[in-house]
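Here is a short briefing for a reader new to this structure. Look at the sequence and the model first, then read the points below.

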Amino acid sequence: MDFSNFNAAEQAHMTKVIEKKQMQDFLRLYSNIVDKCFNTCCNDFTSKALSSKEETCISNCFDKFTKHTERVGARFAEANAETAAGGK
């Protein structure tokens, strides 16, 4: 976003608003991953420790979501680059 037409105070305010939004998005994503992986992988509540099967499942689940998020981010970046270049 171009804030060059804003004064310094407005630019600082917009930067803080964007940073807050990014943090909220990150926390929402993290919460969704934790919720999904826990519900998918943790089924045995007879012990407070995770079994090796649960640990492996959670690790694979987290890796899958992380890679998916990276891929989606890359696609958005590509789409934005095309739009900025006038491709679409």
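**Briefing**

The end C-alpha atoms of residues 17–78 lie 25 Å apart, and this span is 84% helix and 0% strand. Helices (H or I, at least four residues) and strands (E, at least two) are DSSP runs, numbered from the N terminus. This is a predicted model: local features need pLDDT of at least 70, side-chain atom pairs count only at pLDDT 80 or more, and totals for chains, interfaces and linings use all residues. Residues are numbered from 1 along each chain as its sequence is written, and side-chain values use heavy atoms, with hydrogens and water left out.

**Annotation**

- The UniProt record, an unreviewed entry, carries the annotation "domain: Tim10-like" for residues 17–78.
- UniProt positions are given in the numbering used here, feature names are shortened, and annotations may be inferred rather than shown by experiment.

**Disulfides**

- The whole structure holds 2 disulfides (a disulfide is a pair of cysteine sulfur atoms within 2.5 Å).
- The link of Cys37 and Cys61 is left-handed, with -90 degrees about the S-S bond.
- Both Cys37 and Cys61 are buried. Buried means under 20% relative accessible area, exposed means over 50%, and partly exposed is in between (1.4 Å probe, protein chains only).
- A disulfide also joins Cys41 to Cys57, with S to S at 2.0 Å. Cys41 sits in helix H1 and Cys57 in helix H2, so the pair ties together parts 16 residues apart in sequence.
- The torsion about the S-S bond of Cys41 and Cys57 is about -70 degrees, so this disulfide is left-handed.
- Cys41 counts as buried at 6% relative accessibility, whereas Cys57 is partly exposed at 26%.
- Counting bonded cysteines along the chain, the disulfides follow the pattern 1-4, 2-3.
- Cys42 is buried, at 8% relative accessibility.

**Salt bridges**

- Side chains of opposite charge can pair when their charged atoms come close.
- The whole structure has 3 salt bridges (a side-chain nitrogen of Lys or Arg within 4 Å of a carboxyl oxygen of Asp or Glu).
- Asp25 and Lys21 meet in one of them, at 3.0 Å from N to O. They both lie in helix H1, 4 residues apart, about one turn of the helix.
- Arg28 and Asp25 also form a salt bridge, at 3.0 Å from N to O. Both lie in helix H1, 3 residues apart.
- Arg75 and Glu78 meet at 3.2 Å, N to O. Being 3 residues apart in helix H2 (residues 52–85), they are separated by about one helical turn.
- Shared partners join Lys21, Asp25 and Arg28 into one network of salt bridges.

**Nonpolar patch**

- Met23, Phe26, Leu27, Tyr30, Val34 and Phe62 make a nonpolar surface patch of about 590 Å².
- Patches are made of residues with over 30% relative accessible area and no salt bridge; like charges are joined within 9 Å, and nonpolar side chains (Val, Leu, Ile, Met, Phe, Trp, Tyr) within 5 Å. Accessible areas come from the Shrake-Rupley method with a 1.4 Å probe; for residues, only the protein chains shown count as cover.
- Helix H1 (residues 8–41) gives the most to the patch, with 5 residues.
- Met23 is placed in helix H1 and is partly exposed, with a relative accessible area of 46%.
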